[in-house]
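Biologist: Please take one part of this model and go through it closely. I would like the sheet, the helices packed on it and the core around them in one connected account.

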Amino acid sequence: MFCTQCGGNIPDGSTFCTYCGAPVTPGQAPGQTPEPIPGPIPGQAPDIMPVPEAPGASNKGLKVAAITLSIVAVLAVIGVSAVVTNCFGLISPEEETSRTVVHDSSSKPKTKTEERSEPKAEAETDAEEKPDPKPEAETEPAPDPEPEKAVEPSSIAVDLNSREEFKNLNIAISNFTEQGFDKGEGDKAFSRDNVDYARLVTFYYDHCLYNTNESGMEPVPENDPMLEGNYFSVRVPVSRARSFFETRMGVSPTDEQLSFDLNGPDPNPTLAYRAQVSGDWLYFGIYSGDAMPSQGVASATSVTDLGNNRYRVDYDVYMPGSRSNDPMMISEIKSDWYGLPANELEGALGAAGVDRSGSAIFEVRSAEGARKFVLEEMDCSTPA
């Protein structure tokens, strides 16, 4: 027979259903099939059937069984609904599918270090390492070169037709050519951008030696401590030396630049080649032997205005006494000769024509109406 409450198959003659604990309706025929009990609607919790109390302790067991079956039925309905609605719409079908895949160790979440070291797909790598080029309009232009100093028209003119101006320019050039300063190897005999101060001081020593009235050179006094053991023989006021370099070459050497010793530990005074600033004096220990004959008097041939009162001067050099092979000392040259035209200068010097030619750049300054020619650069002269 079947229970009229839950439809369970129970033995004939049973008083209570062994499944749901409901009392069996009296007079129910054996084997009679009860009307089916409507099942729960999906998504809706089923109504819990009231369980009649049975007499005694057995009623408590029936109540527990009925409650357990009701909970099972509710959980079943919730499970079916969750499957049908993908957890009531909380996850997408793709996420649900990914949750059912068995993951290996490579599918575990990676740390930031692992993500940085992990090789990237080729397309992704190219996209990161090769950024799209900027449009032509956005490309940054190359920086402009440093602007050069503006060239202003020279305010001081140089006129070679003026005998006085021609003379002063030739004296300025001859200050260097008469001591052979324009001779040497390389392109430049002198440049303010690269000064050889040892050569410059030696040149100044020779200038002082052969122009003592102008230079203020004097022997080192006996009571001067620089005399004994240092092989310094003459000295000039250091202020006068600096004035010479400023007015003749436009440079201002420091005490360290004016001081040098090219002899090393050799104490031999005949090989002395040194200079040193001490106090207010520049001391020389340079021995050049006999008086130096003139190494050539210059005569300007042309001037080119470079702007900013700078002029390129081309010149020829005549060797005094070269016609008779009788060298002429610098002190023997008269100051008026520097203003002579080239043919007259050649005759006055007894020169056998042009010895060499050169080029120099002078900065022209005006001081009390006179022209000051300050050497900025001198090329090494070329033999004729």
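Modeller: Two residues are in contact here when they have heavy atoms within 4.5 Å of each other. The model is predicted, and the values below are computed from it.

With that cut-off, and leaving aside neighbours within four places in sequence, Phe190 is in contact with Phe181, Val195, Leu200, Met249, Val251, Leu375, Glu376, Glu377 and Met378. Phe190 is also one of the residues with the most contacts inside the largest nonpolar core; the others named are Leu200, Tyr204, Leu282, Phe284 and Met378. That core has 48 residues. Helix H6 supplies 8 of them, the largest share.

Apart from this core lies another, of 10 residues, including Val297, Met328, Ile333 and Leu349.

Now the sheet. Five strands form an open sheet in the order E2-E3-E6-E5-E4, and the pairing is antiparallel. Its edges are strand E2 (218-219) and strand E4 (260-261), each of which pairs on one side only. E2 and strand E3 (residues 234-237) are joined over 2 bridges in the antiparallel sense. Pro219 has Val234 in E3 as its bridge partner.

Helix H6, residues 197-210, packs on this sheet. H6 touches E3, E4, strand E5 (274-278) and strand E6 (281-284), and the direction of H6 makes about 90 degrees with that of E6. A further helix, H8 (residues 238-249), lies across E3, E5 and E6 and runs at about 70 degrees to E3.

Cys208 has 0% relative accessibility; the cut-off for buried is under 20%, so Cys208 counts as buried. Cys380, with a relative accessible area of 14%, is buried by that rule as well. The structure holds 0 disulfides.

For context, the chain has 10 helices and 11 strands. Buried residues make up 34% of its 384 residues. Of the contacts between residues at least 6 apart in sequence, 63% join residues at least 24 apart. The accessible surface of the chain comes to about 24000 Å², and carbon and sulfur atoms account for 54% of it.

Notes. Residues numbered from 1 in each chain as written. Predicted model: local features only at pLDDT ≥ 70, side-chain atom pairs only at ≥ 80, totals over all residues. Heavy atoms only, no water. Helix = DSSP H or I, 4+ residues; strand = E, 2+ residues; numbered from the N terminus. Buried < 20%, exposed > 50% of the residue type's maximum accessible area, 1.4 Å probe, protein only. Areas by Shrake-Rupley, 256 points an atom, 1.4 Å probe, with all protein chains shown as cover. Pairing = 2+ DSSP bridges. Axes fitted to C-alpha atoms, helices over the stretch in contact; angles between N-to-C directions. Core = buried A, V, L, I, M, F, W, Y, C linked by side-chain atoms within 4.5 Å. Disulfide = S-S within 2.5 Å.
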